[in-house]
Structure formats: structure tokens, C-alpha cells
Amino acid sequence: MRRWIWIGSVGAAVLLFIASPTLKTTDPGRDVDRASVQTTASGLETHQTNSAHSALVDCDIPFSQLRQLAPSCTRERAQPGRRCEMYSSPEFSEVTSIVITRPNVRQTICTGTLIAPGWVLSAAHCFIGDDRAIDHGATAAGLSLVTDNQMQIDVTAPNAGTDQKRRALSVIVHPNYTGFRASDTGQVPYDNDLAVIALDRPYSSDVQPAALAAQDAFNQFSTIAGYGFSNADGGTIGAFQLAWPVPLTHVGDELRFTAVDEYGNRSTFCQGDSGGPVFADRVRGCRPTDKVPEKRPREIQGTMSYIQRLGKPPEHATSEPEQHAETCRQAEYDVMQSITPPGRRTWICSATGQQALGCRTANAKEN
């Protein structure tokens with residue numbers, strides 16, 4: 001049995017920065033950023049695609065060889081804030097924007113991933129902030145939050161063609177979400193920073209949900225995506241962005257990475273990206289029929305959670321979003337929640353009524 005409460009005023013989330021709310025640290029003397037933000041921005045864009053027929057023109061080149069062989073890397077100079085490797089936004093229809101609206105309060109933004117036609121996976125802190133789920137009366141099944149006229153949650157799939165918008169009926173927060181003050185009781189801060197959103201109606205078969213990665217699966221190579229602050233195009237918020245971080249490390253039930261790779265690229269996430277996907281492997285939108293194919297449905301192995309120790313605001317930034325984005329890019333490291341530990345994966349399946357992709361396959365194997 002779940003306990004239902006009405007959603008009140010809480011925090012939310014974004015990939016790179018605007019109103020920079022920094023939190024207290026998970027380590028004494030340090031700042032932490034939840035990848036959350038309040039913002040009035042609501043414009044959504046999509047990145048260019050090279051070919052409507054086959055998504056990208058360089059899907060005959062393995063990802064590891066793109067910098068040496070792809071025309072976008074060898075013949076052109078990457079624009080500020082972007083890497084030379086190309087990706088196709090329309091191929092990522094399962095990545096959703098989440099906008100929370102309350103009376104007399106600025107909108108808040110998070111990112112989520114469609115894991116079933118009627119369910120989205122996101123971050124717990126988007127909905128109850130730094131509080132523990134148990135402090136709101138969570139049961140073993142989770143903390144269920146119901147929207148009303150004081151809280152509206154809009155879920156949008158900007159890359160999904162014309163039928164993009166949905167409303168949230170309810171949100172279920174992981175019962176063991178620890179919030180920020182967990183260290184006071186010997187727990188890991190922001191542990192189980194997970195939530196699932198029930199939509200008012202399912203998306204059509206034109207939008208393919210992501211599948212939960214197998215139990216205990218881990219791929220050090222990953223792709224992250226979201227609608228948060230970015231330093232691309234002079235600084236943006238609310239536009240779809242995608243990045244390929246350095247190889248991940250597995251620390252307990254967390255996935256971590258630092259921003260800088262061997263080429264000097266800084267791939268990170270920021271406010272507004274919270275809850276966004278950590279896809280297994282480096283994917284760009286190539287299709288299963290391409291010479292270098294990408295798997296469908298994509299497998300999600302984690303969700304973006306928080307940033308440890310933000311950098312200092314740069315002097316060269318030309319806009320507020322760019323300033324926030326650069327601060328995130330200088331952070332010590334980024335933290336994501338793995339969703340493949342048995343307890344977490346089982347909870348997601350149970351909370352969605354076994355509807356999340358990958359749940360029934362796992363159950364069939366167990367039987």
C-alpha cells in the first residue's frame with residue numbers, strides 16, 4: 001500500500017545552469033549541485049540531423065574513429081560548446097522535458113526518460129528536494145504524490161514529432177530516498193534519488209521507450225542527455241543536448257565521472273538535467289540497420305543526480321546560461337544513480353506495474 005500526499009512546493013532539475021542554487025556538500029566544506037534549477041525559460045529546440053532518411057550520414061564509422069574519419073571532424077571546425085561528432089535529436093524521442101508549475105512560483109525544469117508508453121523515470125529530488133521520502137510518510141512501496149490545481153507537471157517529448165505533450169497524474173518517489181541530510185544519520189546523501197511519473201495518457205508506438213538495463217549491468221561507456229543549462233550556442237536552457245562523458249566509475253550504487261577527456265572536451269550535466277538518462281554505450285542516433293548499428297530500444301543504466309563541488313563563475317561568459325554552464329563544467333565530478341542494483345530495478349518494475357521495458361523479460365528469465 002502506498003501513502004498518497006498532495007505535492008507542495010519543492011525543488012526541480014536541468015544539463016547546464018541559470019539560477020544556480022547550490023546545496024550543502026556531501027563532504028564537509030564542499031558545495032554540491034543537484035542539477036536542479038528554477039527558471040522562466042520554456043523554449044525547446046532540436047539539434048540538426050544530417051539525413052531524414054538514415055538519421056546520420058556517418059553511421060558507417062565506429063564512434064571511436066569519428067574524430068579521425070567523420071567529415072564533421074576532419075573538414076569542419078566544431079562550434080563553441082559543441083563537439084565535432086554529430087548526433088540526431090529526432091532519434092531520441094524517449095528523452096522528455098519535465099516542467100513543474102505552481103502558483104506564484106517560477107517554473108522548475110527536470111529531465112526524464114520514457115521507460116513505458118505511460119511512465120517516465122526521473123529524479124526524486126525534483127519533487128521533494130532535500131527531504132527524505134520517509135519524512136513525508138513513505139511506505140515500502142514508495143511515496144506517492146498526486147497533482148492538483150496547486151501543482152501542474154507537464155511532460156514533453158520535443159523530439160517525438162507532433163504528439164509531444166502529456167500531463168502527470170502522479171509521481172512515485174523511491175521509499176529509501178535519503179535527501180541531503182542523510183549524512184547526519186550515517187546514510188549516503190541523495191541515495192536512491194529516483195522517481196517514476198504516471199502520465200495522463202500513453203505515448204503512441206511512434207515513441208520507443210528506453211529499456212531498463214539488466215540487473216547489475218554496467219557499461220563504462222555512456223551517453224547522457226537533457227534539457228538543462230548548456231554552453232552551446234552562447235548558452236541555452238530548455239534545448240535538447242547530448243554528451244558522451246569519459247568512462248564511468250562505479251562507486252557503490254553511484255556512477256561517477258569527471259568532466260575532461262583526453263582531447264580536452266568537457267562533457268557534463270547541469271541544472272535542468274536531473275533525472276535525465278545515462279544510456280549504456282555511446283549512441284548518436286544511428287539505426288539498427290546502419291553499417292555501424294545502434295541497439296533499439298536503448299538501454300538506460302542510470303539517471304543524473306547531482307554535481308560535486310561546482311567551479312567558479314567564469315569572467316568570459318556572455319550570458320547567464322553560459323555562465324552557469326561553465327560553472328558546472330568546472331565541477332569536481334558528476335554523480336548519477338545506477339538503476340541496475342536488484343533492489344532499485346525491482347522497485348521501478350513494481351512501481352510501474354511491471355510496465356517498464358525490461359521488467360517482463362527479467363521475470364520470464366527468472367521463471
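In which strand is the place of Thr111? Thr111 belongs to strand S6, which spans residues 105–116; helices (H or I, at least four residues) and strands (E, at least two) are DSSP runs numbered from the N terminus. The structure is a predicted model, in which local features need pLDDT of at least 70 and side-chain atom pairs count only at pLDDT 80 or more, while totals for chains, interfaces and linings use all residues. Residues are numbered from 1 along each chain as its sequence is written, and side-chain values use heavy atoms, with hydrogens and water left out.

Thr111 counts as buried because its relative accessibility is 0%; buried means under 20% relative accessible area, exposed over 50%, and partly exposed in between, with a 1.4 Å probe and protein chains only. A polar atom of the Thr111 side chain lies 3.2 Å from the backbone nitrogen of Tyr227.

The protein as a whole contains six helices and 19 strands. It has 367 residues, of which 59% count as buried.

Strand S8 covers residues 143–146. Leu143 and Leu145 point one way from S8, whereas Ser144 and Val146 point the other way, and all are buried. S8 pairs with strand S10 (residues 165–173) in the antiparallel sense, over four bridges; two strands pair if DSSP finds at least two bridges between them. Within S10, Ser170 is the bridge partner of Val146.

A search of the whole structure finds four disulfides, a disulfide being a pair of cysteine sulfur atoms within 2.5 Å. One of them joins Cys59 to Cys286, with an S to S distance of 2.0 Å. This link of Cys59 and Cys286 is left-handed, with -90° about the S-S bond. Cys59 lies in the loop between strand S4 (37–38) and helix H1 (66–69), and Cys286 in the loop between strand S17 (277–280) and strand S18 (299–308), so the pair ties together parts that are 227 residues apart in sequence. Cys59 counts as buried at 4% relative accessibility, and Cys286 is buried with a relative accessible area of 2%.

A disulfide is also formed by Cys73 and Cys84, whose sulfur atoms are 2.0 Å apart. The link of Cys73 and Cys84 is right-handed, with 85° about the S-S bond. Because Cys73 lies in helix H2 (residues 71–74) and Cys84 in the loop between H2 and strand S5 (95–102), the pair ties together parts that are eleven residues apart in sequence. Cys73 is buried, with a relative accessible area of 16%, and Cys84 counts as buried at 12% relative accessibility.

Cys349 and Cys359 form a disulfide as well, their sulfur atoms 2.0 Å apart. The torsion about the S-S bond of Cys349 and Cys359 is about -90°, so this disulfide is left-handed. Cys349 sits in helix H5 (residues 342–351) and Cys359 in helix H6 (residues 359–366), ten residues apart. Cys349 is buried, with a relative accessible area of 6%, and Cys359 counts as buried at 1% relative accessibility.

Notes:
Polar contact = N/O pair within 3.5 Å; in protein donor to acceptor, adjacent residues only side chain to side chain.
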